[in-house]
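Subject: Structure handover and notes

Hello,

Please find the structure below. My notes follow it.

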Amino acid sequence: MANWCNNRIEFKGSIAQLSELAELFSGMAEKEKSTGAGQLPGFVTAETGYLFDIRWEKDVLYYETRWVPNISVMKHIAIYTDTSFIMQYCEMGNLIYGEASFDDGKFSDIVLEIEDFDQYCYSFDTETYLFEGMEYEILDEILDILLERKTAVALLKVENNIN
């Protein structure tokens, strides 16, 4: 049985482009409900990366994929519709947590590594996560901090042309 990767994508484009995406994903959601099968747009030829539990809410797409995010499928959709996106994804069973973006042909994918997950621990005594001397009730707060730091380092490297 698959582990489910939660995906959230905010597309950027004109009102007409976002309306086209809303129609596309709403239609896919309806088809999924009637067939019970994961969906891909007709113009995408991938053999993996099907979307499940599809929801389009206020120009944001929410859906699940099996095991890993389907970033290449989303890039294909963005190129086809001439839009850009920021995608957050999470599948904690395999320690996958990251953010991908595609804008004006430029692609970025920042993902946490094992070393990042080693920076916090769970306290069974207090039922909180311990990170840098502080307690957190919600793990996502820590993961977002770690991801923001990695993103800042990556941007600094790009600005300074460092590999």
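Where is K58 found? K58 is in the loop between β2 and β3 (60–66). Helices (H or I, at least four residues) and strands (E, at least two) are DSSP runs here, numbered from the N terminus.

Before the rest, the ground rules. This is a predicted model, in which local features need pLDDT of at least 70 and side-chain atom pairs count only at pLDDT 80 or more, while totals for chains, interfaces and linings use all residues. Residues are numbered from 1 along each chain as its sequence is written, and side-chain values use heavy atoms, with hydrogens and water left out.

**Overall layout**

The protein chain has four helices and nine strands. From the N terminus on, the order is β-α-β-β-α-β-β-β-α-β-β-β-α. The C-alpha trace spans about 50 × 40 × 30 Å along its principal axes. Of the 163 residues in the protein chain, 38% are buried. Buried means under 20% relative accessible area, exposed over 50%, and partly exposed in between (1.4 Å probe, protein chains only). Take the contacts with a separation of 6 or more: residues 24 or more positions apart account for 50% of them. A contact means heavy atoms within 4.5 Å.

**Positive phi**

K58 is not a glycine, yet its phi is positive, about 50°. K58 is exposed, with a relative accessible area of 82%. D53 is another residue other than glycine with a positive phi, near 50°. D53 sits in strand β2 (residues 52–57). At 39% relative accessibility, D53 counts as partly exposed.

**Hairpins**

β4 (residues 84–91) and β5 (residues 96–103) pair in the antiparallel sense over seven bridges. Strands count as paired if DSSP finds at least two bridges between them. Q88 has E99 in β5 as its bridge partner. The two strands, β4 and β5, form a hairpin with four residues between them. In that turn, L95 has a positive phi of about 55°.

β5 also runs antiparallel to β6 (residues 106–111), joined by six bridges. F102 stands opposite F107 in β6. The hairpin of β5 and β6 has two residues between the strands. There, D104 takes a positive phi near 55°.

**The open sheet and its helix**

Three strands form an open, antiparallel sheet in the order β7-β8-β9. Its edge strands are β7 (120–123) and β9 (134–136), each pairing on one side only. Neighbouring strands of this sheet are turned by 35° against each other on average, direction ignored. Helix α4 (residues 139–159) packs on the sheet and touches β7, β8 and β9. The direction of α4 makes about 25° with that of β8. Axes are lines fitted to C-alpha atoms, for helices over the stretch in contact; angles run from 0 to 180 degrees between N-to-C directions. β7 pairs with β8 (residues 128–131) over four bridges. Y122 has Y129 in β8 as its bridge partner.

**Charges**

There are five salt bridges. The rule is a side-chain nitrogen of Lys or Arg within 4 Å of a carboxyl oxygen of Asp or Glu. D53, R55 and E57 are linked in a network. D53 to R55 has its closest N and O atoms 3.9 Å apart. For E57 to R55 that distance is 3.2 Å. R55 is partly exposed at 34%, and E57 is partly exposed at 39%. E10 and K12 form another salt bridge, at 3.1 Å.

Leaving aside residues up to four places away in sequence, E32 touches A37, Q39, L51, F52, D53 and I54.

**Cysteines**

The structure holds zero disulfides. The cut-off is a pair of cysteine sulfur atoms within 2.5 Å. For C5, the nearest cysteine sulfur is that of C90, 7.1 Å away. C5 is buried, at 0% relative accessibility. The sulfur of C121 is too far for a bond, because the closest cysteine sulfur, in C90, is 19 Å away. C121 counts as partly exposed, at 40%.

Best regards
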